[in-house]
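This briefing is meant to be read beside the sequence and the coordinates.

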Amino acid sequence: MLCFENDYSEGAHPAILKKLAETNLEKLPGYGSDSYCESARGKIRQACGCPEAEVFFLVGGTQTNAVVIGSLLKRYQGVIAAATGHVSTHEAGAIEYTGHKVLELPQQEGKLEAQTLENYLEAFYGDGNHEHMVFPGMVYLSHPTEYGTLYSRRELEEISAVCRRFEIPLYLDGARLGYGLACPKSDLGLEDIARYTDVFYIGGTKVGALCGEALVFPRRAPEHFLTLVKQQGALLAKGRLLGIQFDALFTDGLYQRIAENAIKTAQELREILGRKGYRLLGNSPTNQIFVILDNGKKEELEKKVRFSFWEKYDEGRTVVRFATSWATEMSEVRELEALL
């Protein structure tokens with residue numbers, strides 16, 4: 001079976017496995033206090049242009065989202081997100097489980113617009129009954145979005161300005177951040193993200209690591225944040241596992257270099273689909289491609305290719321997602337071309 005189901009089907013990049021094997025018998029302190037975690041933090045701070053940033057390592061994206069949102073919000077606050085945002089759709093109510101409501105706003109190609117956000121916040125505080133409502137206490141974005149689209153530097157700057165006007169933190173989910181950074185159509189770098197957000201994470205699970213996300217507070221983390229992480233069951237005793245992986249990913253530009261492979265193979269597949277007359281849903285420039293398939297064609301293709309169901313388009317057609325990764329080979333794209 002060919003696999004274009006997601007971008008975390010493979011294990012880990014060989015450089016990570018090699019480093020894990022080399023350091024396997026070293027006796028190191030726990031909970032992220034080892035030398036490899038500290039080295040990774042230093043490399044991430046340098047890449048973000050934030051020498052004072054506080055960096056924490058967590059195991060997965062849903063866990064990271066729940067910990068950040070649950071820790072930063074007050075009891076009466078919710079988190080604003082696009083209606084298609086990951087915390088709104090594919091996290092099984094993990095945010096609501098922390099006791100905080102996801103406040104959904106309309107989206108454009110998966111993105112939240114600054115004007116939509118500003119209108120919502122002005123309407124909330126203009127409502128005489130707002131003391132009886134869930135307060136908007138944070139804004140959540142994902143970059144790339146659920147639809148593989150990207151925020152521009154200007155869009156992020158505008159959203160950041162609205163957040164700062166209303167004094168609420170801006171949080172960016174970077175589960176696929178590597179693929180956004182490697183995309184030629186993106187004008188956002190790590191330093192921009194660090195400048196305009198209050199907290200974000202650099203995804204490893206989907207970009208070459210066995211598991212793990214690097215959570216970055218560009219200026220200052222909440223007081224006793226490590227304690228909050230542990231309180232919510234998210235502190236890994238063998239923190240070395242995460243530190244070693246990110247230390248490898250941020251050595252010699254490995255993180256961005258391997259992400260470029262996903263962009264190149266996705267672009268090739270996108271061109272193949274165009275030549276063959278397939279219709280795409282939206283215009284994703286990253287590693288996720290959303291294709292509208294006749295149901296009969298979908299069932300035929302499923303016999304030889306794994307891909308993701310996305311949504312029903314109409315009675316006779318379905319939107320499916322093809323995802324490339326850091327490990328996708330161009331030969332696999334050619335095999336898929338033949339099947340298409």
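In this predicted model, the largest cavity is lined by Ala 81, Ala 82, Thr 84, Gly 85, Gly 110, Tyr 140, Leu 141, Ser 142, Thr 145, Glu 146 and Tyr 151.

**Cavity**

- A search of the whole structure finds one cavity of 30 Å³ or more, and the volume of the largest cavity is about 60 Å³.
- Strand 3 (77-82) and strand 5 (135-142) each contribute at least two residues to the lining of this largest cavity, and strand 5 gives the most, with three residues.
- By class, the lining of the largest cavity comprises five nonpolar residues, five polar residues and one charged residue.

**Pockets**

- The largest pocket, with a volume of about 410 Å³, has a lining of 28 residues, of which Tyr 8, His 86, Glu 146, Arg 176 and Lys 206 lie nearest its centre.
- Glu 146 is listed in the lining of the largest cavity, and Glu 146 is also one of the residues that lie nearest the centre of the largest pocket.
- Helix 3 (61-72) and strand 12 each supply at least two residues of the lining of the largest pocket, and this lining divides into seven nonpolar, 13 polar and eight charged residues.
- The second largest pocket has a volume of about 300 Å³ and is lined by 15 residues, of which Leu 72, Pro 169, Asp 198, Arg 220 and Pro 222 lie nearest its centre.
- The lining of the second largest pocket is made up of seven nonpolar, two polar and six charged residues.

- Seven strands form an open sheet in the order 2-8-7-6-5-3-4, and the pairing is mixed.
- At the edges of this sheet are strand 2 (54-58) and strand 4 (102-105), each of which pairs on one side only, and the twist from one strand to the next averages 25 degrees.
- Strand 6 (residues 170-173) pairs with strand 7 (residues 199-203) in the parallel sense over two bridges, and within this pairing Tyr 171 has Val 199 of strand 7 as its bridge partner.
- Helix 11 (residues 240-249) packs on the sheet and touches strand 2, strand 7 and strand 8 (213-217), with a direction that makes about 115 degrees with that of strand 2.
- Strand 3 and strand 5, which both belong to this sheet, are also the strands that each supply at least two residues of the lining of the largest cavity.

- Strand 10 (residues 288-294) and strand 13 (residues 317-323) are paired in the antiparallel sense over seven bridges, and Leu 293 stands opposite Thr 318 in strand 13.

**Annotated domain**

- An unreviewed UniProt entry places the feature "domain: Aromatic amino acid beta-eliminating lyase/threonine aldolase" at residues 15-274.
- Over residues 15-274 the chain is 46% helix and 14% strand, and the end C-alpha atoms are 35 Å apart.

**Local backbone features**

- The peptide bond from His 143 to Pro 144 is cis, with omega near -5 degrees, and Pro 144 is placed in the loop between strand 5 and helix 7 (153-165).
- Ala 92 has a phi near 55 degrees, which is a positive value in a residue other than glycine, and Ala 92 lies in the loop between helix 4 (86-89) and helix 5 (94-97).

Notes: Residues are numbered from 1 along each chain as its sequence is written. This is a predicted model: local features need pLDDT of at least 70, side-chain atom pairs count only at pLDDT 80 or more; totals for chains, interfaces and linings use all residues. Side-chain values use heavy atoms; hydrogens and water are left out. Two strands pair if DSSP finds at least two bridges between them. Helices (H or I, at least four residues) and strands (E, at least two) are DSSP runs, numbered from the N terminus. On a 1 Å grid over the protein atoms alone, a cavity is a set of points where a 1.4 Å probe fits but cannot get out, and a pocket is an open set with protein on both sides within 12 Å along at least five of seven lines; lining residues have an atom within 4 Å of a point. Grid points are joined across faces, edges and corners, and a volume is the space filled by probe spheres set on the points. Ala, Val, Leu, Ile, Met, Phe, Trp, Tyr, Cys and Pro count as nonpolar, Asp, Glu, Lys and Arg as charged, and the others, Gly among them, as polar. UniProt positions are given in the numbering used here, feature names are shortened, and annotations may be inferred rather than shown by experiment. Axes are lines fitted to C-alpha atoms, for helices over the stretch in contact, and angles run from 0 to 180 degrees between N-to-C directions. Contact means heavy atoms within 4.5 Å.
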